[in-house]
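Subject: Structure handover

Hi,

Here is the structure I promised you. Please open it next to this email and follow along.

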Amino acid sequence: MDKREKLLQTALELFVSQGFNDTPTSKIAKEAGIANGTLFYFFPTKDELIISLYLKLKGQAAESINAALAEVKSTKEVIKTYYEESLKWSLRNPNEFLFLAQFSNSPYLKKIGADEISAQTAPVLQLFRLAIEEQQIAATDVNLLYALISNQVFGVNQYLSSNQFSKKERHRIIEDTFSMFWKMIER
């Protein structure tokens with residue numbers, strides 16, 4: 001692992017366990033075994049470190065989800081696969097998911113450019129637009145639909161993470177909660 005990646009991995013662990021405000025860059029550098037100057041070479045500010053980590057993790061999640069979407073054809077199945085794969089990724093990557101949740105509820109989100117946010121959400125918003133055009137779901141603001149599915153993924157992740165379920169039970173809960181989501185938005 002190169003120094004930049006080591007810093008990002010250490011920052012992830014510390015931000016999740018201690019929060020953004022209680023994690024000084026000096027602690028990140030020390031825990032990573034890397035000089036402060038090297039940290040600032042890669043990330044001139046703490047804000048840039050946090051934003052870089054966010055963009056990296058969002059990219060990893062999107063890559064994982066998009067790989068599963070490649071085989072799916074119908075609009076409903078694509079939305080279902082997006083939902084299921086988002087949950088599966090979050091369960092496989094608990095620290096990464098906790099970081100993304102923390103970031104999304106912080107002032108740092110406002111530091112991400114509108115173009116970047118748009119690039120991240122555009123595929124899902126387009127998916128909802130298509131489902132509306134096909135009259136599969138109610139004609140409503142696609143940004144609201146995105147907020148609903150995102151918050152449901154977060155809530156179901158918390159529920160699954162805080163309980164001991166078998167793989168079969170976990171799968172059933174994911175299936176059932178998607179059905180509930182679909183009933184809420186279907187036409």
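First, a term: contact means heavy atoms within 4.5 Å. Helices (H or I, at least four residues) and strands (E, at least two) are DSSP runs, numbered from the N terminus. This is a predicted model, where local features need pLDDT of at least 70, side-chain atom pairs count only at pLDDT 80 or more, and totals for chains, interfaces and linings use all residues. Residues are numbered from 1 along each chain as its sequence is written, and side-chain values use heavy atoms, with hydrogens and water left out.

**Helices α7 and α8**

In α7, the residues Thr121, Val124, Leu125, Phe128, Arg129 and Ile132 meet α8. Their partners in α8 are Val142, Asn143, Leu145, Tyr146 and Ile149. By class, this contact has 8 nonpolar, 2 polar and 1 charged residues. (Ala, Val, Leu, Ile, Met, Phe, Trp, Tyr, Cys and Pro count as nonpolar, Asp, Glu, Lys and Arg as charged, and the others, Gly among them, as polar.)

The axes of α7 and α8 come within 9 Å and cross at roughly 115 degrees. Axes are lines fitted to C-alpha atoms, for helices over the stretch in contact, and angles run from 0 to 180 degrees between N-to-C directions. So α7 is roughly perpendicular to α8. (Under 35 degrees is roughly parallel, over 145 roughly antiparallel, 65 to 115 roughly perpendicular, and the rest oblique.)

**Helices α5 and α8**

The axes of α5 and α8 come within 10 Å and cross at roughly 40 degrees. Therefore α5 is oblique to α8. The contact includes Ile79, Tyr82 and Leu87 of α5 and Tyr146, Ile149 and Val153 of α8. By class, it has 10 nonpolar, 5 polar and no charged residues.

Helix α5 also holds Lys80. Is Lys80 buried or exposed? Lys80 counts as buried because its relative accessibility is 16%. (Buried means under 20% relative accessible area, exposed over 50%, partly exposed in between, with a 1.4 Å probe and protein chains only.) Leaving aside neighbours within four places in sequence, Lys80 contacts Glu175 and Phe178.

**The core**

A nonpolar core is a set of buried Ala, Val, Leu, Ile, Met, Phe, Trp, Tyr and Cys residues joined through side-chain atoms within 4.5 Å. The largest one here has 56 residues. Phe15, Ile79, Phe99, Phe103 and Phe128 have the most contacts inside it. Helix α4 gives the largest share, 9 residues. Not counting residues up to four places away in sequence, Phe103 touches Phe20, Ile50, Ile51, Tyr54, Tyr108, Leu109 and Ile112.

Best wishes
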